[in-house]
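Below is a briefing on one protein structure. Please look over the sequence and the model before reading the points that follow.

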Amino acid sequence: MLLLKGQKVDITRGTSLSNLSLQFGWSSSVAAMNIDAACFMLSDSNRCERDEDFIFYGNSSAQSGAVNHKPLDGIDKEAISIFLSKLPNSVAKMAFTLTIHEGEKHGHRMKDISNSYLRLVNADNGEEIFRFEYGSDLSKETAIVVGELYRHNGEWKFNEKTILSSIDLRKKIVQITLEKKKLTNFTARVGLVLDISGSMQTLYKNGTVQEVVERILAVACKFDDNATLDVWIYDNEFSRLPSATEEDFDQYVQKHIMNNKTIHKFGRNNEPPVMQDVIHKYTIEEDSSIPVFMVFINDGGVVKPIKKVITESAVQPIFWQFVGIGDSDFDVLKQLDTMEGRIVDNANFIHIEDIASISDETLYNHLLNEFPLWLKEAAAKRIIRI
């Protein structure tokens, strides 16, 4: 049976079907494009409750053994097998996605894929139950939900689903990380400071910085009550940029940075002035005890006076999460954890040599690793309210 877009079909009603295989196929006009199918096992709250419930090439089997992912060598490219009898009762729905790996970075879009289809096959006898062909109306998307398998009155049904953007997928991964670190139902203001010194030129031009904006925006969407990401850039000067949102993050770097002639670009680095502006915004202009999670991207050595800024801001509701990218030694940033003279440890440093290659799951886990510890200490000292 060939499904039409939006059609819902019974899968188990009136049958003994229990072992399924969802098989994905596609053709690509770009040889280097990396395309992946995945499955989100969702609760009745429509959430992926544990990171183990996100099944993809990096986590190919559910703990229960009910869902398995594997690549295929034929016309079908990938398969997700489901043993319905092994699914925990807590799984109310499964969403199946197709994602272009690092699509934004490389300029790959769904319009570059053709002949996309999903086949649902009876895994016991190989019989094709239905086939859904899709994608003719897709364009600049880099990730979509192809369909959902869901419980209804004790049976399983399948529903062709609408498009899901890459930011939505990343929000789901952030949600998993927040639940793991017990940070759900938590409010914070989220900001991003981007190094735009000379050594960063390649990363701005090849799309890496644009993807960084999207990846941190996904955190803001989960933390911030108005789902906005405050953005600064700096070299030896600094600029406070318009906030990024889900509605306008596409081409954010090109529009607000690269095409903005008023912004100073690709000079030397000088961190304290932009840090002071961050502090001014959150403690003078928008004075609040709601915590601030500030991600600071830098690809080289920072100037030593940042230590004074960090020390003095320890009494403020700001946590500085520095991310060093590239192969610099980052001597000053490596000393953050041993800095003395602070009421609380309000800064952390992680080194990610190639930020474009690290998975979202790993990135979010690293980014949010020490923030919960600071929250407890800052709340105990009445610096913040949580």
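Does His 256 count as buried or exposed? At 17% relative accessibility, His 256 counts as buried, where buried means under 20% relative accessible area, exposed means over 50% and partly exposed lies in between, computed with a 1.4 Å probe on protein chains only. The model is predicted: local features need pLDDT of at least 70, side-chain atom pairs count only at pLDDT 80 or more, and totals for chains, interfaces and linings use all residues. Residues are numbered from 1 along each chain as its sequence is written, and side-chain values use heavy atoms, with hydrogens and water left out.

- His 256 lies in helix 5 (residues 252–258); helices (H or I, at least four residues) and strands (E, at least two) are DSSP runs, numbered from the N terminus.
- Leaving aside neighbours within four places in sequence, His 256 is in contact (heavy atoms within 4.5 Å) with Leu 241, Pro 242 and Ile 263.

**Helix 4 against helix 9**

- Helix 4 (residues 208–223) and helix 9 (residues 360–367) pack at an angle of about 60°, and their axes are 12 Å apart. Axes here are lines fitted to C-alpha atoms, for helices over the stretch in contact, and angles run from 0 to 180 degrees between N-to-C directions.
- Helix 4 and helix 9 are therefore oblique to each other. Angles under 35 degrees count as roughly parallel, over 145 as roughly antiparallel, 65 to 115 as roughly perpendicular, and the rest as oblique.
- On the helix 4 side, Arg 215, Ile 216, Ala 218 and Val 219 take part, and they meet Asp 360, Leu 363, Tyr 364 and Leu 367 of helix 9.
- The residues in this contact of helix 4 with helix 9 are six nonpolar, no polar and two charged. Ala, Val, Leu, Ile, Met, Phe, Trp, Tyr, Cys and Pro count as nonpolar, Asp, Glu, Lys and Arg as charged, and the others, Gly among them, as polar.

**Helix 6**

- The 14 residues of helix 6 (residues 272–285) should span 20 Å at 1.5 Å a residue, and the end C-alpha atoms are 18 Å apart, which agrees. The expected span is 1.5 Å times one less than the number of residues.
- Buried residues of helix 6 include Pro 272, Val 274, Met 275, Asp 277 and Lys 281.
- The buried residues of helix 6 pack against several elements, among them strand 13 (189–195), strand 16 (292–298) and helix 7 (306–312).

- Ile 310 is found in helix 7 and counts as buried at 0% relative accessibility.
- Outside four places in sequence, the contacts of Ile 310 include Met 275, Phe 322 and Leu 336.
- Met 94, in strand 8 (residues 93–100), is buried, with a relative accessible area of 0%.
- Not counting residues up to four places away in sequence, Met 94 touches residues including Cys 39, Val 67, Glu 148 and Trp 156.

**Asparagines with positive phi**

- Asn 153 has a positive phi of about 55° although it is not a glycine. Asn 153 is in the loop between strand 11 (143–152) and strand 12 (155–160), and counts as exposed at 70% relative accessibility.
- Asn 185 has a positive phi of about 55° and is not a glycine. Asn 185 lies in the loop between helix 2 (166–180) and strand 13, and counts as exposed at 84% relative accessibility.
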